[in-house]
Amino acid sequence: MLISGKSITISTLLLLFAASSLCFTVSIASESGDPIPTPWPEQFHSILFMNNSKGNLQIVDLWYDFPNGRNFNIIQNQLGKLLYDLEWNNHTSFYYTLDANKECRVTHFPVGLLRPTWLQDGNYLGQRYMDGFLCNVWEKVEFITYYEDVVTKRPVYWAFYTGMIAHVMTFEVGKVLEDPKWQAPVYCFKEAKEEQEISYPVRLVTDNDVSIGRLMGAAMDVSLPF
């Protein structure tokens, strides 16, 4: 069964952001002494509390594993379904459930995973308090505003141009999900004929299900199937 309806994953937005930032450079400190954003660890685990522009709430269990070319978002919608968003650096994403409905959709994107240095060359906005933490704040291509704890350099809060926000509840550097859990269910491959190609230009739609992996992948509009 195919997942249907209208929803977008955080991963999708991250991917959309990267499409306009295919060339990543490492910034150096400016003459004004502005701080440099800390690159993401190549591997980490994070729990995110999400609220989109319509007030839909989610808990996102995020596993970022750049060396192995993969990213995983396990998305619990408030009083709703548990959605798995599995992304690979070969531009393929699997969106599926593990319940009796056996829903799945396979999607191909024009760019791969978000790089650890994606925030470099962001526009520094100064220091602000967020969720009780003093943060350095950057904005990137009018797509995302990113808050980083001044002391620990951990991400604290993300705000997207769509109105979606993410509060970072935990951030475990070097934590890696076991390999067997990265396998999409067999019924995803049976639905291969239903694969969707995402190409540009198309229009960005946001709804309930938002996952981090490809969300910032490109700062441009993209239409998603569910």
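View 1. Tyr-161 is partly exposed, with a relative accessible area of 38%, a class that lies between buried (under 20% relative accessible area) and exposed (over 50%), as computed with a 1.4 Å probe on protein chains only. Phe-143, in contrast, is buried, at a relative accessible area of 3%. The two ring centres are 5.0 Å apart and the planes stand at 45 degrees, so the pair of Phe-143 and Tyr-161 is tilted; rings of Phe, Tyr and Trp (its six-membered ring) pair if their centres lie within 6.5 Å, with planes under 30 degrees apart counted as stacked, over 60 as edge-to-face and the rest as tilted. Because Phe-143 lies in the loop between β8 (133-140) and β9 (144-149) and Tyr-161 in the loop between β10 and β11 (165-173), the pair ties together parts that are 18 residues apart in sequence. Helices (H or I, at least four residues) and strands (E, at least two) are DSSP runs, numbered from the N terminus.

The model is predicted, so that local features need pLDDT of at least 70 and side-chain atom pairs count only at pLDDT 80 or more, while totals for chains, interfaces and linings use all residues. Residues are numbered from 1 along each chain as its sequence is written, and side-chain values use heavy atoms, with hydrogens and water left out.

**View 2. Aromatic pairs and the pair of Trp-40 and Trp-158.** Across the whole structure, a search finds 18 aromatic pairs. In the pair of Trp-40 and Trp-158, the ring centres are 5.8 Å apart and the planes are at 35 degrees, so this pair is tilted. Trp-40 is buried, with a relative accessible area of 6%, and Trp-158 is buried at 1%.

**View 3. The cluster that includes Trp-40 and Trp-158.** Ring pairs link Trp-40, Phe-44, Tyr-64, Phe-66, Trp-118, Tyr-146, Trp-158 and Phe-171 into a cluster.
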